[in-house]
Amino acid sequence: MSAVAQHLPALQVVVPLLGAVLVAFLRRGGPAFAIALAVSWAMPAIAVALLWQVLHTGTISYALGGWEPPFGIEYRVDILNAFVLVLVSGVGAVTMPYAYRSVGFEIPEERRAWFYCMYLLCLAGLLGITVTGDAFNAFVFLEISSLATYVLIALGPDRRALLAAFQYLIMGTIGATFYVIGVGLLYLLTGSLNLADVAVRLEPAWADHARTIVAALAFITVGISLKLALFPLHAWLPNAYAYAPSWVTAFLSATATKVAIYLLIRYFFSIFGVSIDFRHLPVTEIVIALSVAAMLIASLIAVFETDVKRMLAYSSVAQIGYITLGIGLVNQAGLTGGLVHVVNHAVMKAVLFLALGAIFFRAGTVKLDELAGIGRRMPLTMTAFTLAGFSLVGTPGTVGFISKWYLAVGALDRGWWLLVAVIVASSMIALIYVGRVLEVAWLRAPSPQSGKASEPPLAMLLPVAVMAVATVYFGIDTEWTAGIAGAAAKALLGGLR
Amino acid sequence: MDTIATLIAHYNYVVTVFLMMTGLYIVVARGNLVKKLIGLAIFQTSVYLLYIEPGKIIGGTAPILDPAFSIYTNPLPHVLILTAIVVGVATLALGLALVVRINEAYGTVEEDEIIRRDREP
């Protein structure tokens with residue numbers, strides 16, 4: 001058992017990769033789903049084991065292939081990583097049973113095995129970005145997960161999914177290439193690709209090469225921001241989320257952007273922040289300004305959308321603004337708020353998109369007017385949607401409130417009352433667009449499309465219900481979400497200059 | 001004068017930046033999907049140059065250990081760029097596959113034409 005425990009960081013990535021190869025050989029939908037399910041359920045086991053190890057014995061440093069860092073590639077797991085690993089693998093595990101019926105409905109028979117193959121590659125890529133401690137290795141995994149994501153989106157039933165995937169491919173590749181340029185500049189400055197090593201070596205380079213360091217930071221920030229859909233670079237997200245298969249949208253909204261956020265935090269706090277005083281780098285002010293723009297503008301656009309999936313996609317852009325606001329605040333409460341919102345938003349959005357997918361499964365549409373009265377025909381699904389919707393607004397007793405509370409405290413700690421007003425204003429706008437959907441779904445007479453709907457099969461209902469309960473449970477008992485986020489924030493801020 | 005002398009001495013970096021900007025411009029300015037992919041490929045190629053050019057150490061020989069030589073060119077950027085080239089090839093292949101599917105679905109590969117056809121019922 002100890003031999004397996006030693007290699008857990010590598011197994012976290014290798015098992016989904018091998019699973020993807022196996023599925024590619026099998027080519028039949030049924031066995032492909034079985035393998036995907038088995039791998040999805042094994043991943044949280046490994047992630048939780050890693051988190052347990054980190055909480056009890058500290059940061060894990062794993063040398064891939066036995067080659068010692070900084071020359072070899074190192075997988076480095078600390079509290080922040082382990083937290084994100086548990087999130088990504090957990091979302092994959094909980095939502096996988098849902099995928100069987102949803103994929104069966106939206107994707108033709110001959111493509112289902114390829115769907116699961118791409119899902120496993122995407123999972124391997126996302127887990128790889130989170131667990132690696134090497135800058136270029138992070139790029140490779142970033143591209144593995146991104147390429148798999150483009151294919152997953154292109155499998156959507158509507159033909160507009162193809163153009164959405166293509167536009168995401170162009171923007172995503174530009175983002176990854178910017179990231180590579182940044183890493184190249186860092187390599188030229190320090191001679192190393194290992195993240196921890198670069199952090200140490202960057203400090204003496206600041207005296208002579210300040211401009212290069214700022215340029216590297218700029219390229220890396222812009223590159224990663226394209227992936228996490230920070231405000232002006234979010235253009236790919238609404239189309240990609242609106243036209244992708246329902247399960248894909250739910251999975252991506254809960255994981256892909258969150259892993260990119262993790263990478264940004266890693267660069268800001270563990271690499272640049274360690275060697276350079278943040279006051280010399282204007283990056284936090286810019287991040288806060290863009291976050292405020294995201295929170296207000298994206299929420300406003302969401303209010304006017306008639307397609308509920310697009311509306312939730314714009315809502316995602318706004319919620320990502322909350323997370324980056326927490327990053328930009330650079331204090332204990334703010335960073336804790338940002339980190340805890342990573343988990344909270346993942347759970348909320350997953351419930352919303354999965355519930356919407358169940359509605360699409362039964363009613364065949366996601367247009368707002370055509371969903372009138374669906375609450376009466378699908379009460380359990382709509383209750384889950386309602387709970388997650390209230391959480392999005394920030395009702396006390398749900399997870400959304402916890403994140404906004406920490407963010408508000410963080411803003412107050414910096415003395416920026418205006419930011420608290422922005423957080424409240426954006427929550428009010430969220431109330432408008434969520435309230436609109438709830439009003440149409442619960443209080444109107446059923447339309448022809450919602451008339452023929454009924455509750456989705458148990459395989460789809462159970463994941464939705466479990467995660468909806470989680471949005472309320474983690475809003476009351478925050479030990480596992482805010483507690484760990486707080487510990488991670490403390491560790492990150494402790495290393496700052 | 002000093003700047004111009006520096007730029008002429010480092011003409012390879014000038015070419016790299018020129019390729020980078022050309023690639024980005026093509027992606028933004030051209031509506032044909034295949035041309036966008038070509039622009040993307042040019043942009044990625046310039047990044048390969050950005051990595052490899054500083055790898056050549058002045059006075060360095062090929063990176064094969066030999067008692068007669070003490071300075072070697074850095075082989076690590078070449079290794080990194082091989083990986084990046086493979087990633088670039090995979091991206092280009094995926095992009096072109098998507099273009100083939102888009103052409104089958106819409107009958108065109110011009111972006112504004114595709115958007116127009118989506119807007120009509």
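The model is a predicted one, so local features need pLDDT of at least 70 and side-chain atom pairs count only at pLDDT 80 or more, while totals for chains, interfaces and linings use all residues. Residues are numbered from 1 along each chain as its sequence is written, chains are lettered from A and ligands numbered from 1 in the order in which they are written, and side-chain values use heavy atoms, with hydrogens and water left out.

Take helices H2(A) (residues 8–26) and H3(A) (residues 29–57) to begin with: their axes come within 9 Å and cross at roughly 175 degrees. Helices here are DSSP runs (H or I, at least four residues) numbered from the N terminus, and axes are lines fitted to C-alpha atoms over the stretch in contact, with angles from 0 to 180 degrees between N-to-C directions. H2(A) and H3(A) are therefore roughly antiparallel (angles over 145 degrees). On the H2(A) side the contact (heavy atoms within 4.5 Å) includes Leu8(A), Val15(A), Leu22(A) and Leu26(A), and among its H3(A) residues are Ile35(A), Met43(A) and Leu50(A). By class, this contact has 17 nonpolar, 3 polar and no charged residues. Ala, Val, Leu, Ile, Met, Phe, Trp, Tyr, Cys and Pro count as nonpolar, Asp, Glu, Lys and Arg as charged, and the others, Gly among them, as polar.

Further along chain A, H12(A) (residues 283–303) packs with H18(A) (residues 417–443) at an angle of about 20 degrees, the axes being 8 Å apart. That makes H12(A) and H18(A) roughly parallel (angles under 35 degrees). The residues that meet include Ile288(A), Met295(A) and Leu300(A) from H12(A), and Val422(A), Ile429(A), Tyr433(A) and Arg436(A) from H18(A). They divide into 14 nonpolar, 2 polar and 1 charged.

Then there is the contact between the chains, which takes 35 residues from chain B and 29 from chain A. Together the two chains bury about 2900 Å², 80% of it on carbon and sulfur atoms; buried area is the accessible area (1.4 Å probe) that two parts lose on being put together, summed over both. Between chain B and chain A the count is 1 salt bridge, meaning a side-chain nitrogen of Lys or Arg within 4 Å of a carboxyl oxygen of Asp or Glu. The side chains of Asp118(B) and Arg159(A) meet in a salt bridge at 3.7 Å, N to O.

Conventions. Helix = DSSP H or I, 4+ residues; strand = E, 2+ residues; numbered from the N terminus. Parallel < 35°, antiparallel > 145°, perpendicular 65-115°, else oblique.
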